[in-house]
Amino acid sequence: VGKIIEVWNHESADKLFCEKIDVGEEAPREIASGLRAFYSIDDMKDKLVLVVCNLKASKILGFNSNGMVLAAKSEDGKTELVEPPEGSKVGERVVIDGLEGEPFSSSQVKKRKIWTKVSNDLKTGEGGVATWQGKTIQTSAGPCKAASLVGVPIA
């Protein structure tokens with residue numbers, strides 16, 4: 001669970017925001033996300049979001065992005081952030097029903113192409129609830145959700 005503490009428009013990409021996101025680490029992560037067509041800077045500021053933290057950093061049009069903000073996207077292009085429920089704590093790891101263990105390192109994720117495999121099974125279920133292989137993704141405060149999108153992929 002991350003909290004967007006600063007957000008600005010990417011200087012050379014019309015679709016990208018650049019964000020500083022507190023994920024409970026020593027310093028905030030800087031992440032680029034293609035959400036400008038769907039949210040304003042004011043909508044994004046101080047928002048709690050789900051962040052994939054164990055991805056290798058990547059340069060996106062000159063901006064070093066250190067993670068990914070998860071959003072649900074319908075076939076017609078409508079996009080909504082997947083949000084943790086009220087009461088979730090910054091830095092909290094989400095859990096998936098029936099799964100335990102430590103996350104893979106960013107090197108393992110890249111080498112074994114784990115994100116590619118895992119992301120194929122991420123989608124919203126009934127009520128916009130985020131799921132992986134049909135199992136609820138949640139924090140200690142409850143399930144994570146998209147506002148209105150049901151049965152669509154999460155990326």
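Start at the second largest pocket, which has a volume of about 270 Å³. To find it, select G34, L35, F38, K73 and T79, the closest to its centre among the 14 residues that line it. A pocket here is an open set of points on a 1 Å grid over the protein atoms alone, where a 1.4 Å probe fits, with protein on both sides within 12 Å along at least five of seven lines; lining residues have an atom within 4 Å of a point. The volume is the space filled by probe spheres set on the points, which are joined across faces, edges and corners.

A word on what you're viewing: this is a predicted model, where local features need pLDDT of at least 70, side-chain atom pairs count only at pLDDT 80 or more, and totals for chains, interfaces and linings use all residues. Residues are numbered from 1 along each chain as its sequence is written, and side-chain values use heavy atoms, with hydrogens and water left out.

Still at the second largest pocket, colour β3, β8 (68-69) and β9 (71-73): each supplies at least two residues of the lining. Strands (E, at least two residues) and helices (H or I, at least four) are DSSP runs, numbered from the N terminus.

Next, pick β3 (29-33) and β4 (48-49), which stand at the edges of a sheet, each with a single partner strand, so one side of each has no neighbour in the sheet. The open sheet has 4 strands in the order β3-β2-β1-β4, with antiparallel pairing; two strands pair if DSSP finds at least two bridges between them. Click G2 and you'll find its bridge partner V49 in β4.

Now hop to the largest pocket, with about 990 Å³ of space. Select N54, R93, V94, I96 and P103, which lie nearest its centre among 29 lining residues. Which element gives the largest share of this lining? That's α3, with 3 residues. By class, the lining has 21 nonpolar, 3 polar and 5 charged residues. Ala, Val, Leu, Ile, Met, Phe, Trp, Tyr, Cys and Pro count as nonpolar, Asp, Glu, Lys and Arg as charged, and the others, Gly among them, as polar.

Follow β14 to its hairpins. One is formed with β13, with 2 residues between the strands, and Q133 in the turn has a positive phi of about 50°. In that pairing, T131 stands opposite T136. Another hairpin joins β14 to β15 through 2 residues, and there T139 stands opposite G142.

Leaving aside neighbours within four places in sequence, D121 is in contact (heavy atoms within 4.5 Å) with T131, W132 and Q133.

Last stop: the cysteines. How many disulfides does the structure hold? The count is 0, a disulfide being a pair of cysteine sulfur atoms within 2.5 Å. For C18, the nearest cysteine sulfur, that of C53, is 17 Å away. Is C144 buried or exposed? C144 is buried, with a relative accessible area of 0%; buried means under 20%, exposed over 50% and partly exposed in between, using a 1.4 Å probe and protein chains only.
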